[in-house]
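Please take a look at the structure below before reading on. The paragraphs after it go through the structure part by part.

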Amino acid sequence: WVEYGETPELGLHSTGDRGLMPLDPTLLKLRLSGLKPGTRYYYRVHACEIDFRNAYSIQRGIVVRSELHEFATFDPAATTARISIIN
C-alpha cells in the first residue's frame, strides 16, 4: 500500500481497486485519488510478503516500508515542466 499527503505526516492511503489487493511480485500499481494540480506530495510505499496457501490460509510476512519521497503534480499555469519516462 502507499501512504501519501501534502505534508510529511502523510494522512492518505491507497490499497488497490475495489478492495482487491495487488499481489503481483514485480509491480505495485495503485491509484492516488484527489491530487490537486501544481501541488507537492509526499509518499511512502509499504509492502509485505504474502504466503497464500488457499482462500482460507493467507499469512502476511514482515512489513517493510520505503523512505519518504516526494513528487509534484503538473501545474497548468507553469511555463516549463520536467518529466521522467521509465520504460
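**Tyr43 and its surroundings**

Not counting residues up to four places away in sequence, Tyr43 touches Val2, Glu3, Tyr4, Leu10, Glu67, Leu68, His69, Glu70 and Phe71. The model is a predicted one. Tyr43 is found in strand 3. Its relative accessibility is 25%, so Tyr43 counts as partly exposed, since buried would mean under 20%. From Tyr43 to Ser66 the distance in space is 8.9 Å, C-alpha to C-alpha, although the two are 23 residues apart in sequence.

Tyr43 also belongs to an aromatic cluster, which it forms with Tyr41 and Phe71. The structure holds two aromatic pairs. In one of these pairs, Tyr41 and Phe71 are stacked, with 5.7 Å from centre to centre and 25° between the planes. Tyr41 lies in strand 3 (residues 40-54) and Phe71 lies in strand 5 (residues 69-72), so this pair ties together parts that are 30 residues apart in sequence. Are the two partners buried or exposed? Tyr41 is buried, with a relative accessible area of 2%, while Phe71 counts as partly exposed at 24% relative accessibility.

Another residue of strand 3 is Arg44. Arg44 has a relative accessible area of 16%, so it is buried. Which residues does Arg44 contact, leaving aside its neighbours within four places in sequence? They are Trp1, Val2, Glu3, Leu10, Arg65, Ser66, Glu67 and Leu68.

Leu10 lies in the loop between strand 1 (2-5) and strand 2 (12-14). Most residues other than glycine have a negative phi. Leu10 is not a glycine, yet it has a positive phi of about 65°. With a relative accessible area of 10%, Leu10 is buried.

The next stop is the loop between strand 2 and strand 3, where Thr39 is found. Thr39 is buried, at a relative accessible area of 14%. The side chain of Thr39 reaches the backbone oxygen of Lys36 at 3.3 Å. Residues up to four places away in sequence aside, Thr39 touches Glu6, Phe71, Ala72 and Thr73. Phe71 in this list is the stacking partner of Tyr41.

Which classes do the lining residues fall into? Five are nonpolar, three are polar and two are charged.

Pro76 has its place in the segment after strand 5. Pro76 has a relative accessible area of 61%, so it is exposed, as the cut-off for exposed is over 50%. In sequence, Pro76 and Gly38 are 38 residues apart, and in space they are 7.4 Å apart, C-alpha to C-alpha.

Technical notes. Residues numbered from 1 in each chain as written. Predicted model: local features only at pLDDT ≥ 70, side-chain atom pairs only at ≥ 80, totals over all residues. Heavy atoms only, no water. Phe/Tyr/Trp six-rings, centres within 6.5 Å; stacked < 30°, edge-to-face > 60°. Helix = DSSP H or I, 4+ residues; strand = E, 2+ residues; numbered from the N terminus. Buried < 20%, exposed > 50% of the residue type's maximum accessible area, 1.4 Å probe, protein only. Nonpolar A, V, L, I, M, F, W, Y, C, P; charged D, E, K, R; others polar. Contact = heavy atoms within 4.5 Å. Polar contact = N/O pair within 3.5 Å; in protein donor to acceptor, adjacent residues only side chain to side chain.
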